[in-house]
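Open the model in your viewer and keep the selection tool ready. The stops below go from single side chains to the whole chain.

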Amino acid sequence: MENKEVIPRELMHSLFFDESNWHEEFLKSSKRKPFYYELRASHTKNSNPWHSPEPFIKEYFERWNEVEGHIGKLFSSRNKEEASIEMVYQIGYFMETLFWLNEKMALAGVWQERFASIEIAPINGKERLQYVIDHYDHYTSFVQLRELVNELHKKWMRNEAMKKSQSE
């Protein structure tokens, strides 16, 4: 018997979910699924990443530094299938980080509508992220995602420095 989860409408996005569950690639993998915490939020009383995002954001940027080279190698060796799978994971993780950084739940199904409510974001982030989502299996989207991550990292660092100077 297959373990089906009920995916709330706010999380439902065709890049990550089909009509009723995670896409097959996510089900086969042992990696943490994007939007895992959002899916579990209604089932747990534990603290969620968007309430205290700093350790999660720090871990994301550290892991990105590791996976970025791997994705580049997948594209350069023309392993488009593996590169595409990794890109979908990284798009999800980026979306999480973008919203968590702004202390908001990352809801893939309504991310465009909620984008206007976030303060810390890359310039033209909504349009650029949509391009990455639409063309996730192209090298140019990997380059755009890399730029989005780098820009978000700089904004996060600047924001952290400002918070630290205000608390002194």
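A charge counts as sitting over a ring if NZ of Lys or CZ of Arg is within 6 Å of the ring centre and within 35 degrees of the ring normal. Keep in mind throughout that this is a predicted model.

**Stop 1: a charge over a ring.** Select lysine 31 and tyrosine 89. The charged end of lysine 31 lies over the tyrosine 89 ring, 4.2 Å from the ring's centre.

**Stop 2: aromatic rings.** Now show the aromatic side chains. The structure has 13 aromatic pairs. Take tyrosine 139 with phenylalanine 142: their ring centres are 5.8 Å apart and their planes meet at 55°, so this pair is tilted. An α-helix has 3.6 residues a turn, so residues three or four places apart point the same way.

Phenylalanine 142 has 2%, so it counts as buried. The cut-off for buried is under 20%.

Next, select Tyr36, Tyr37, Phe56 and Trp100. Ring pairs join these four into a cluster.

**Stop 3: helix α3.** Select residues 54–76, which form α3. How far apart are the end C-alpha atoms of this helix? They are 33 Å apart, and 23 residues at 1.5 Å a residue should span 33 Å, so the two values agree. Centre the view on asparagine 65. Here α3 has a kink of about 30°.

Colour the buried residues of α3 next: Ile57, Tyr60, Phe61, Trp64, Val67, Ile71, Gly72, Leu74 and Phe75. What covers them? The cover includes α4 (80–101) and α7 (139–167). Then step just past the end of α3 to arginine 78, where phi is positive, at about 60°.

**Stop 4: the whole chain.** Zoom out and switch to cartoon. The chain has seven helices and zero strands. Along the sequence, the pattern reads α-α-α-α-α-α-α.

The C-alpha atoms fill a box of roughly 55 × 40 × 30 Å along the principal axes. The radius of gyration is 16 Å; a compact globule of 168 residues would have one near 15 Å, so the chain agrees with that rule. Colour by accessibility: 43% of the 168 residues are buried. Finally, show contacts between residues at least 6 apart in sequence. Of these, 60% join residues at least 24 apart.

Technical notes:
Residues numbered from 1 in each chain as written. Predicted model: local features only at pLDDT ≥ 70, side-chain atom pairs only at ≥ 80, totals over all residues. Heavy atoms only, no water. Helix = DSSP H or I, 4+ residues; strand = E, 2+ residues; numbered from the N terminus. Expected span 1.5 Å × (residues − 1). Bend = angle between axes of the 7 residues up to and from the residue. Buried < 20%, exposed > 50% of the residue type's maximum accessible area, 1.4 Å probe, protein only. Contact = heavy atoms within 4.5 Å. Phe/Tyr/Trp six-rings, centres within 6.5 Å; stacked < 30°, edge-to-face > 60°. Rg over C-alpha atoms; globule rule 2.2 N^0.38 Å.
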